[in-house]
Amino acid sequence: MNFDMKGEILFEDGLRVHFKCYRGQRTNTIKYFDENNEEVPYNKIWGRRYEYCKLTSSEGTLFYQNNVIADRSKFDDETN
């Protein structure tokens, strides 16, 4: 799989996760890892508020998201 994005999320409770993904990938199919590189299941982060989300493309473009991780699948048809 060719990932073209990478990111990091710091949650308000101190949990920090990092991930790699590709454009258009659904958030619930991304594998998230904590600082010890142990996988954090999506259901453990869904709905949590975070302090920041850093998302960077392979070209170096920095993207930001809102402050709640949520399943956007119902909006995918509107944005594609």
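A: The account below begins with the core, turns to the cysteines, and ends with the confidence of the prediction.

The model is predicted. Its largest nonpolar core has 14 residues. Among those with the most contacts inside this core are Ile-9, Phe-11, Val-17 and Phe-19; Cys-21, Tyr-32 and Ile-45 also belong to that group. Strands β1 (5–11), β2 (16–21) and β5 (50–57) are the elements that give two or more residues to the core. As a general background, nonpolar side chains tend to be buried together in soluble globular proteins.

The structure holds 0 disulfides, and Cys-21 is in none; the nearest cysteine sulfur, that of Cys-53, is 9.2 Å away. A disulfide requires two cysteine sulfur atoms within 2.5 Å, so the sulfur of Cys-53, at 9.2 Å from the closest one, in Cys-21, is too far for a bond. Cys-21 counts as buried because its relative accessibility is 7%, under the 20% cut-off. Cys-53 likewise counts as buried, because its relative accessibility is 6%.

The average pLDDT is 80, and 76% of the residues score at least 70. Among the elements, strand β4 (residues 39–40) has the highest mean pLDDT, 97, whereas helix α1 (residues 76–79) has the lowest, 46. Over residues 70–80 the pLDDT is below 50, and this stretch has 9 contacts in the model beyond near neighbours in sequence. Where pLDDT is low, the predicted coordinates should not be read in detail.

Terms used: Residues are numbered from 1 along each chain as its sequence is written. Side-chain values use heavy atoms; hydrogens and water are left out. Buried means under 20% relative accessible area, exposed over 50%, partly exposed in between (1.4 Å probe, protein chains only). pLDDT is the predictor's confidence in each residue, from 0 to 100. Helices (H or I, at least four residues) and strands (E, at least two) are DSSP runs, numbered from the N terminus. Contact means heavy atoms within 4.5 Å. A nonpolar core is a set of buried Ala, Val, Leu, Ile, Met, Phe, Trp, Tyr and Cys residues joined through side-chain atoms within 4.5 Å.
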